Amino acid sequence: MTDQDASSPPHAPHPDALRLENDGASEAVLPNRHTAVAGGGLLLAGVALAAANMRPAVTSLASVLGEVRDSLGSSSTWASIVTSVPTLCFGAAGIAAPLLARRWGMSRVIGVSLAVLTAAMVLRVVDGPWTVLAGTVLVCASIAMCNVLIPVVVKEAFPNRVGMATGLYTTTMAAGGAVGSALTPMLQHSTGSWQLALATWAVVALAAFCVWVPATRRHAASRQVTGTAAQGGRRSLMRSPLAWAITAYFAMQSLVAYVVMGWMPEVFKSAGVDATTAGALLGVLLLVGVPLNMILPPLVTRTRGQSGWAVGLAVLTASGVVGLLVAPQSAPLLWALLLGVGLSAFPLALVFISLRTSNAADTGQLSAMSQSFGYLIASVGPFMFGVMHDVTGGWTVSLAIVLAIVLIQGCIGIVAGRPRTI
């Protein structure tokens with residue numbers, strides 16, 4: 001397999017109008033005239049609400065992690081395991097999601113995942129530390145299914161509006177994470193219970209489920225969204241250097257993101273910031289990404305190459321990490337803002353998945369490959385970040401390792417950002 005240049009001949013057919021061959025039968029990816037039907041407003045709302053649930057379950061727990069740990073009498077090792085659960089689940093889902101989607105359809109798998117997410121958000125707070133851990137596994141497994149499959153829905157349902165739809169998806173994701181982090185400590189303070197504060201976010205998951213089900217039933221064309229990408233092409237992307245570059249980029253930015261979301265409140269607290277302010281700083285860190293997540297994908301899709309974007313975001317992230325290393329107390333808000341802007345590498349990674357593929361089948365395969373391997377690699381980050389703190393008694397070594405990973409991320413982004421397709 002060779003990686004083809006992204007430029008097309010003047011009269012080449014649009015790749016989203018091509019047909020995918022599977023078991024002797026061909027099925028068309030949605031052409032332009034069906035876009036309005038397949039990608040209607042209700043489905044777009046369903047995508048946005050589903051995306052709004054991708055981070056609050058993680059950031060809400062992170063913002064009160066110290067209090068939860070102390071309340072349950074748990075160790076720092078337990079906290080390190082809890083912060084590693086999301087990326088482990090996301091990695092496993094990268095393998096399982098395409099198999100389940102092929103058997104039952106993407107729309108149904110996403111709907112069931114939202115239902116399980118709603119229940120698990122409540123169940124994980126009803127008992128002790130192992131119930132919290134088991135519930136977090138269920139929560140993150142549900143989120144992971146949506147993480148893998150929704151970018152494929154976006155590619156098929158909105159083939160000529162990938163930048164807009166991806167921007168909406170990543171914006172609501174960032175907004176959900178920011179609100180989850182900022183409000184949970186306040187909810188805990190007002191209710192006097194971290195259990196009630198965390199369980200509150202089940203309401204958002206229930207709302208997403210209630211919109212997703214009628215959205216996918218209403219549009220007859222959603223059957224095509226379910227079928228094409230789930231079946232996929234027969235070729236493997238495992239031999240594509242470009243596919244591996246995108247996977248590595250996804251892994252590095254995910255590792256950094258989940259270290260930040262899982263541990264930054266604790267880093268700020270160690271620097272003398274009170275718990276409420278530390279949670280608010282994480283909220284600000286994520287909130288700054290809301291407008292960027294909306295603006296960045298459309299801008300990125302208009303440029304022929306994206307290497308410069310990848311390097312710029314890595315530089316901003318590295319600046320925030322250096323600030324935490326050198327002078328964490330001097331300007332915590334500035335470091336949070338720099339990290340928040342740098343975490344826009346996530347929507348850039350999603351754009352890579354769409355721009356570096358020429359049809360929905362390859363998009364589905366690349367999404368599964370990058371997220372399965374990427375998240376499994378990233379799962380090491382939050383765990384080791386906490387372990388290194390326990391070993392050294394401080395955050396310096398942990399932050400230095402994160403800085404090195406950010407630099408690697410920028411270098412890989414140069415390769416992943418070159419204009420070509422798999």
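**Salt bridges and a buried serine**

Guide: Asp-70 and Arg-69 form a salt bridge, with their closest N and O atoms 3.6 Å apart. A salt bridge here is a side-chain nitrogen of Lys or Arg within 4 Å of a carboxyl oxygen of Asp or Glu. This is a predicted model, where local features need pLDDT of at least 70, side-chain atom pairs count only at pLDDT 80 or more, and totals for chains, interfaces and linings use all residues. Residues are numbered from 1 along each chain as its sequence is written, and side-chain values use heavy atoms, with hydrogens and water left out.

Visitor: Is Asp-70 buried or exposed?

Guide: Asp-70 is exposed, at 56% relative accessibility, while Arg-69 is buried at 17%. Buried means under 20% relative accessible area, exposed over 50%, and partly exposed in between (1.4 Å probe, protein chains only).

Visitor: How many salt bridges does the structure hold?

Guide: Three. One of them joins the side chains of Glu-67 and Lys-269, at 3.6 Å from N to O. Glu-67 is in helix α4 (residues 65-72) and Lys-269 in helix α12 (residues 241-270), so the pair ties together parts 202 residues apart in sequence. Helices are DSSP runs (H or I, at least four residues), numbered from the N terminus.

Visitor: What else does Lys-269 pair with?

Guide: Glu-266, with the closest N and O atoms 3.1 Å apart.

Visitor: New topic. Where is Ser-398?

Guide: Ser-398 is in helix α20 (residues 396-416), and is buried at 3% relative accessibility.

Key: Helix = DSSP H or I, 4+ residues; strand = E, 2+ residues; numbered from the N terminus.
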